[in-house]
Amino acid sequence: MGTETELAWIAGFFDGEGSVIIAKQGENSFLLVVSITNRVFGPLETLRSSFGGSIQQKKRDIENPKWSRCYEWRLS
């Protein structure tokens, strides 16, 4: 990924579905985590193959059979 159109797609996808987290790890250490959650696996796989990271199925505290399966791509 690298064309202007592809980068615009990533920006829009991240704007709608993404998040940035700064997690404290120890007394003086922090971890930056970028993630995007979506129920469609394909776009997340495109991000993983382009930038690395991992994809996991999200686990929910409460399960509802009407809810779709959901995946999260994470890069830290």
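## Two aromatic pairs

You'll find two aromatic pairs in this structure (Phe, Tyr and Trp rings, using the six-membered ring of Trp, with centres within 6.5 Å; planes under 30 degrees apart are stacked, over 60 edge-to-face, the rest tilted). W9 and F13 make a stacked pair, at 5.2 Å centre to centre with 20° between the planes. They sit four residues apart in helix α1, so about one helical turn separates them. W9 is partly exposed at 33% relative accessible area, while F13 is buried at 13% (buried is under 20%, exposed over 50%, partly exposed in between, with a 1.4 Å probe and protein chains only).

F41 and Y71 form an edge-to-face pair, at 5.2 Å centre to centre with 80° between the planes. This pair links distant parts of the chain, with F41 in helix α2 and Y71 in strand β4, 30 residues apart.

## The sheet behind them

Four strands build an open antiparallel sheet, ordered β1-β2-β4-β3 (strands pair if DSSP finds at least two bridges between them; helices are DSSP runs of H or I, at least four residues, and strands runs of E, at least two, numbered from the N terminus). At the edges, β1 (18–24) and β3 (54–57) each pair on one side only. Four bridges tie β3 to β4 (residues 71–75), and Y71 turns up again here as the bridge partner of Q57.

## About the model

This is a predicted model: local features need pLDDT of at least 70 and side-chain atom pairs 80 or more, while totals for chains, interfaces and linings use all residues. Residues are numbered from 1 along each chain as its sequence is written, and side-chain values use heavy atoms, leaving out hydrogens and water.
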